Amino acid sequence: QTEMAREGDHHTMQLRGRSRGTSCTLQRSIEQSSGAFKVALDAVALRRMPAEILVHIFGFLEPADLLMCSSVSTKLHAAAMEDTIWIKNCEALWCTKRYVPKRFKEQKMHARGARISYYGALADSRRCRITTEELCDFEWSFRFKRAAGRMWTAEDPFWKGEAARTLKFRPEGFIHWNGSFNDMEWRFVDPQKDEDQGHAGAQDNSETQSGTAIKTCHRLMGSFPSEVVLRHSSWGFILNSPWVVYTSFPMFREDIDREVSDSGLRSSVASWQWAEAEDYNQLQAGSDDEED
């Protein structure tokens, strides 16, 4: 009997060992599978998952991941396109931006409008054409670049460590400065494409309500080189010329970022703008000779 008991215990241990081995093998097989088995299990779980829980989970995904999920099934598409998710995505993205057009903010609150607003605003952030309404709505900051010369930077508040000068463009075509230079006007211009020489200059575009560049003119000093419209990573606007820069947001020397620094903007000045600057200097030199 004792011998039989020993053999029974030995047999039991063998069965337990085989069972453990079978479980481990099955686990390894599942882990090493091509993924089809897992997908089948996940599909069953997703079909049974309440829509509100699925929407809650999707709220933690990035927009690109949401779009991928939306193509899997009808149920996932409905959850991934849920307005509440995309409203949160809009708010998370826009809270760090200086400018989001009003139409996207309004569209965000319409049914199925939040996702359209999210990607619409992203595309608009690369638009380098500004409207009259936008131009005249901002209070612009202004400073001279070092290329303008010591005579101009020496009196510029920005280069003295103070806040940059501010101004408002008026719809009537005037510029209102807070301080000085009030005898100035503005108009839209667009760069002219020359097939042989590239951008050869700027064409007057004053009859339209938008432009890719503006031309400013002083009553006594004449027309300055054109300022071309650029966009900042914060979605604000920049007006860039060889000698000056305007920003649609406050500009301070102590915390200026590379995007609006002289070195950061240097490569964005086109050759035709430098040609305008040279023409302006020659014109001013001729005027000085006539006065002498």
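Start in the loop between α7 (102-107) and α8 (114-124) of this predicted model, and select Arg112, which lies in that loop. The phi of Arg112 is near 60°, a positive value in a residue other than glycine.

Next, go to the loop between β10 (227-231) and β11 (237-240), where Trp235 is found. Trp235 is not a glycine, yet its phi is positive, at about 75°. Is Trp235 buried or exposed? Its relative accessible area is 5%, so Trp235 is buried.

Now select helix α3, residues 51-58, and colour Leu54, Val55 and Phe58, which are the buried residues of this helix. They cover an arc of only 100° around the axis and therefore sit on the same side of α3. If you then turn to the other side of α3, you will find Glu52 and His56, which are exposed.

Finally, show helix α4 (residues 63-70) together with helix α6 (residues 83-94), whose axes come within 11 Å and cross at roughly 160°. Because angles over 145 degrees count as roughly antiparallel, α4 and α6 are described as roughly antiparallel to each other. Their crossing is left-handed. To see what makes the contact, display the side chains of Pro63, Leu66 and Leu67 on α4, and those of Ile85, Trp86 and Asn89 on α6. Sorted by class, the contact of α4 with α6 has five nonpolar residues and one polar residue, with no charged residues.

Technical notes. Residues numbered from 1 in each chain as written. Predicted model: local features only at pLDDT ≥ 70, side-chain atom pairs only at ≥ 80, totals over all residues. Heavy atoms only, no water. Axes fitted to C-alpha atoms, helices over the stretch in contact; angles between N-to-C directions. Helix = DSSP H or I, 4+ residues; strand = E, 2+ residues; numbered from the N terminus. Parallel < 35°, antiparallel > 145°, perpendicular 65-115°, else oblique. Left-handed = near helix turned anticlockwise from the far one by under 90°. Contact = heavy atoms within 4.5 Å. Nonpolar A, V, L, I, M, F, W, Y, C, P; charged D, E, K, R; others polar. Buried < 20%, exposed > 50% of the residue type's maximum accessible area, 1.4 Å probe, protein only. Arc of directions from axis to C-beta.
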